[in-house]
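User: Hey, can you walk me through this one? I'm new to reading structures.
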Amino acid sequence: GVPAGQWVDAVAVAPAGVREALAAQAPMVAGLARARLTCAPSAPEGAAAQALLREGVEVVIPLAGMIDLDKERTRVAGELAELERHLAALEGRLANDKFVAKAPAALVDAERAKAQEWRGRRDQLAAKLAALGA
């Protein structure tokens with residue numbers, strides 16, 4: 001939801017030795033990523049987008065002031081509700097003994113895998129909604 005070309009503030013959270021190396025490269029990273037990069041020992045408070053990298057590094061982009069948090073909460077809540085509706089239908093199908101008995105084993109296995117994937121996505125969306133303060 002961030003407009004193209006807009007610079008963002010980013011915080012690299014890293015162990016001490018890695019943090020100094022990142023700080024030395026911050027100007028180059030800033031130009032490539034269109035981000036004002038700072039390095040810190042801990043993540044800032046508030047709603048943020050996060051990515052985990054190697055060597056214990058986490059990149060945190062605070063969202064306050066960048067996007068409309070109410071609009072993002074509404075969007076994520078809607079996506080979560082839609083996913084839960086589809087997941088409930090899929091789990092109902094898998095709980096139906098007739099479906100499981102009559103459907104090809106490969107289809108049943110694929111549906112079980114899909115349900116597992118959707119549960120993981122549901123958990124991610126719920127965590128994102130919680131991080132946005134909902």
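Analyst: A salt bridge here is a side-chain nitrogen of Lys or Arg within 4 Å of a carboxyl oxygen of Asp or Glu. This is a predicted model, where local features need pLDDT of at least 70 and side-chain atom pairs count only at pLDDT 80 or more, while totals for chains, interfaces and linings use all residues. Residues are numbered from 1 along each chain as its sequence is written, and side-chain values use heavy atoms, leaving out hydrogens and water.

User: Where do Arg75 and Glu79 sit in helix H2?
Analyst: They're four residues apart in helix H2, so about one helical turn separates them. Helices are DSSP runs of H or I with at least four residues, strands are E runs of at least two, and both are numbered from the N terminus.

User: Which residues are linked with them in a network of salt bridges?
Analyst: The network links Glu72, Arg75, Glu79, Arg121 and Lys128. In it, Glu72 and Lys128 meet at 3.4 Å, N to O. That pair joins distant parts of the chain, with Glu72 in helix H2 (residues 69-95) and Lys128 in helix H4 (residues 105-131), 56 residues apart.

User: Is Glu72 buried or exposed?
Analyst: Buried, at 15% relative accessibility. Buried means under 20% relative accessible area, exposed over 50%, and partly exposed in between, using a 1.4 Å probe and protein chains only. Lys128 is partly exposed at 37%.

User: New topic: what order do the four strands of the sheet take?
Analyst: S2-S1-S4-S3, in an open sheet with mixed pairing. Strands pair if DSSP finds at least two bridges between them.
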